[in-house]
Amino acid sequence: MNPMTAPERSVTVRPLKPEEWHLLDPVFREQGGQMPHHECGARVLAAFDEDGLAGFWTLQPMWWAGPLWIRPDHRGSGLWRRLHNALDALFARSPGTGYYSFTGEPKMETVLQELGYRDLPYKIWVKEAS
């Protein structure tokens, strides 16, 4: 047997029920990640074998703010800040809420920093449903 190949085992893949989400707690504590919230629409597909949880993959809804556009005669007026404050007010302050912004433009990166966004050290990939 190849040491890099795990022996074949019976594995069942199914959606995790809300009352089973506690099974993810030890993994997120160990990995230091943020636990997804089923109350916010997250879903988990979990794999189980005879020893219990064998793996999982989460699908989480994500709001993203963008694009931002200001008519030329309003540029420099701070309208972007007023728009952002109104947008930000749409979100309740509770775990699992918030939104992302994507940009590659230095000017927009400055705006996002000024608004208190955090730069995440991730590369973004997209999978379109087809």
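Trainee: Is Asp-49 buried or exposed?

Mentor: This is a predicted model, so read every value as computed. Burial is judged by relative accessible area, and buried means under 20%. Asp-49 comes out at 16%, so Asp-49 counts as buried.

Trainee: Where is Asp-49 found?

Mentor: In strand β2, which covers residues 43–49.

Trainee: Which residues is Asp-49 in contact with, leaving aside neighbours within four places in sequence?

Mentor: Arg-9, Ser-10, Val-11 and Ala-54. Look at the polar atoms too. The Asp-49 side chain makes a polar contact with the side chain of Arg-9 at 3.5 Å. The Asp-49 side chain also reaches the backbone nitrogen of Asp-51, at 2.7 Å.

Trainee: How many salt bridges does the count come to?

Mentor: Look for a Lys or Arg side-chain nitrogen within 4 Å of an Asp or Glu carboxyl oxygen. By this rule the count is six. One of them joins the side chains of Arg-9 and Asp-49, 3.5 Å from N to O. Arg-9 lies in the segment before β1 (12–15) and Asp-49 in strand β2, so this pair ties together parts 40 residues apart in sequence.

Trainee: How is Arg-9 placed, with what relative accessible area?

Mentor: Arg-9 is partly exposed, at 40%. Its side chain also meets that of Asp-51 in a salt bridge of 2.6 Å, N to O. That pair links distant parts of the chain: Asp-51 sits in the loop between β2 and β3, 42 residues from Arg-9. Asp-51 counts as exposed, at 62% relative accessibility. Now step back to the network. Salt bridges link Arg-9, Asp-49, Glu-50 and Asp-51.

Trainee: Which side chain meets Arg-14 in a salt bridge?

Mentor: That of Glu-20, at 2.7 Å from N to O. Check both ends. Arg-14 counts as partly exposed at 26% relative accessibility, while Glu-20 counts as buried at 14%.

Trainee: On to rings. How many aromatic pairs does a search of the whole structure find?

Mentor: Four. Read the distance between centres, then the angle between planes. Over 60 degrees counts as edge-to-face. Tyr-99 and Tyr-117 form an edge-to-face pair, with 5.9 Å centre to centre and 70° between the planes.

Trainee: Which parts does this pair tie together?

Mentor: Tyr-99 is in the loop between α2 and α3 (106–114), and Tyr-117 is in the segment after α3, so the pair ties together parts 18 residues apart in sequence. Tyr-99 counts as buried, at 16% relative accessibility.

Trainee: Which residues form one aromatic cluster?

Mentor: Trp-64, Tyr-100 and Phe-102. Now check the surface. Met-62, Trp-64, Tyr-100, Phe-102, Tyr-122 and Ile-124 make a nonpolar surface patch of about 680 Å². Trp-64 is found in the loop between β3 and α2. Trp-64 is partly exposed, with a relative accessible area of 47%.

Trainee: How far apart in space are Arg-75 and Glu-39?

Mentor: Arg-75 and Glu-39 are 36 residues apart in sequence and 39 Å apart in space, C-alpha to C-alpha. Arg-75 lies in the loop between β3 (52–59) and α2 (79–88). Leaving aside neighbours within four places in sequence, Arg-75 is in contact with Trp-69 and Ile-70.

Methods. Residues are numbered from 1 along each chain as its sequence is written. This is a predicted model: local features need pLDDT of at least 70, side-chain atom pairs count only at pLDDT 80 or more; totals for chains, interfaces and linings use all residues. Side-chain values use heavy atoms; hydrogens and water are left out. Helices (H or I, at least four residues) and strands (E, at least two) are DSSP runs, numbered from the N terminus. Contact means heavy atoms within 4.5 Å. Patches are made of residues with over 30% relative accessible area and no salt bridge: like charges are joined within 9 Å, nonpolar side chains (Val, Leu, Ile, Met, Phe, Trp, Tyr) within 5 Å. Accessible areas come from the Shrake-Rupley method with a 1.4 Å probe; for residues, only the protein chains shown count as cover. Buried means under 20% relative accessible area, exposed over 50%, partly exposed in between (1.4 Å probe, protein chains only). A polar contact is a pair of N or O atoms within 3.5 Å; within protein, one must be able to donate a hydrogen and the other to accept it, and residues adjacent in sequence count only if both atoms are side-chain atoms. Rings of Phe, Tyr and Trp (its six-membered ring) pair if their centres lie within 6.5 Å; planes under 30 degrees apart count as stacked, over 60 as edge-to-face and the rest as tilted.
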